Amino acid sequence: MTNIIDTPKPPYYAVIFTSKKIDEDKSYSKMSDRMVKLVSQQNGFLGFDSAREELGITVSYWKDEKSILNWKSNLEHQEAQKLGKELWYKQYKILGCGDGPSSFNFEVLKLNGNVTSIDPIYQFTKNEIQIRIDETSSVVSEELKQNQNDYVWENIKSVDELIDIRLTAMSDFIKDYENGKEEKRYIYNELPKLSFKDDSFDLVLSSHFLFLYSEHFDLQFHVDSILEMCRVSKKEVKIFPLLDLKNKKSQYLEPILEILKEKSFETKIIKTNYEFQKGANELLSIKAHNKFS
Ligand SMILES: C[S@@+](CC[C@H](N)C(=O)[O-])C[C@H]1O[C@@H](n2cnc3c(N)ncnc32)[C@H](O)[C@@H]1O
């Protein structure tokens with residue numbers, strides 16, 4: 001506790017504000033000081049108590065509800081809350097493993113987010129990747145047409161619409177690639193080894209790589225990759241989908257859950273709203289903070 005105030009005789013009102021720690025950022029702490037000054041000048045403000053670790057809790061005390069509403073609608077206060085959210089979002093670090101020529105990194109960047117993507121294809125130049133996309137896209141489209149029944153055509157209505165979406169995503173990726181490489185958002189790495197220090201990211205993801213390619217990568221590869229992803233994540237690892245290319249639950253899911261349990265990792269299978277590959281509506285969440293227990 002930094003201060004415990006003498007609250008007046010009840011009745012009075014208390015507002016609880018929780019926040020996640022934002023690493024030292026000068027503009028944020030300056031703004032925070034300014035907010036303390038500003039709130040102290042508000043009519044009906046009686047004082048506050050606060051405690052801060054990873055999670056911060058501030059309880060402010062008020063004479064009546066009207067004073068609280070006035071403070072909530074204070075423009076400078078609203079701006080400060082917005083800035084706080086943006087800074088937190090920027091500092092929430094995500095690693096995407098096997099992001100390939102997708103526009104995930106670029107889309108999150110547009111939202112001011114912070115994603116690093118790794119993939120073996122990032123060892124190649126923009127032109128080399130473009131040539132590979134051109135060579136494979138007609139084969140992929142043909143395969144999609146032949147296997148239409150393996151997919152749920154709800155959000156995306158037809159194969160042609162899907163091809164359009166994929167081509168747009170790949171073209172966004174290509175446009176962003178060289179910039180992203182310079183900014184170290186696209187990094188050449190290959191699972192099961194990652195070149196990052198322990199706990200470098202808040203969230204580490206695998207989308208359409210682990211489990212999906214169970215025929216191509218064996219159990220040991222999956223175990224080593226997942227443990228490596230846990231090593232570099234300080235909070236969570238998420239893997240989607242849990243099916244293989246034949247739309248069957250990956251044969252490695254159960255053994256991996258067992259191994260993770262033995263190592264005291266907390267795991268959860270979570271239903272997703274998104275389902276495109278038929279039956280692919282679950283993800284595996286692993287809480288990486290258990291890794292040292
Ligand atoms: C089907 S794509 C998935 C792309 C993207 N994540 C998505 O969901 O659309 C699979 C990706 O895994 C990548 N990959 C293959 N071997 C890998 C490895 N050892 N480590 C990391 N990624 C790998 C491929 O290069 C490819 O880009």
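A polar contact is a pair of N or O atoms within 3.5 Å; inside a protein, one of the two must be able to donate a hydrogen and the other to accept it. With that in hand, welcome to this predicted model. Its chain is divided into two domains, domain 1 (13–91) and domain 2 (93–292), and 14 residues surround a ligand. Here is a short tour, starting with how the domains meet and ending with the ligand.

**How the two domains meet**

- The centres of domain 1 and domain 2, taken over C-alpha atoms, are 37 Å apart.
- Where they touch, four residues of domain 1 are in contact with eight residues of domain 2.

**What holds the contact in polar terms**

- Between domain 1 and domain 2, one residue pair is in polar contact, with both residues at pLDDT 80 or more.
- Sorted by class, the side of domain 1 that touches domain 2 has one nonpolar residue, one polar residue and two charged residues.

**Around the ligand**

- Of the 14 residues that surround the ligand, the closest are Gly98, Asp119, Leu191, Ser207 and His208.
- A backbone N or O atom of Gly98 sits 2.8 Å from a nitrogen atom of the ligand.
- Leu191 also brings a backbone N or O atom to a ligand nitrogen atom, at 2.9 Å.
- With His208, a polar side-chain atom lies 3.0 Å from an oxygen atom of the ligand.
- On its own the ligand has 600 Å² of accessible area, and the protein covers 76% of that.
- The shell around the ligand is made up of seven nonpolar, four polar and three charged residues.

Terms used. Residues are numbered from 1 along each chain as its sequence is written. This is a predicted model: local features need pLDDT of at least 70, side-chain atom pairs count only at pLDDT 80 or more; totals for chains, interfaces and linings use all residues. Side-chain values use heavy atoms; hydrogens and water are left out. Domain bounds come from an automatic or database domain assignment. Contact means heavy atoms within 4.5 Å. Ala, Val, Leu, Ile, Met, Phe, Trp, Tyr, Cys and Pro count as nonpolar, Asp, Glu, Lys and Arg as charged, and the others, Gly among them, as polar. A residue is near a molecule or strand if one of its heavy atoms lies within 4 Å of it. Accessible areas come from the Shrake-Rupley method with a 1.4 Å probe; for residues, only the protein chains shown count as cover.
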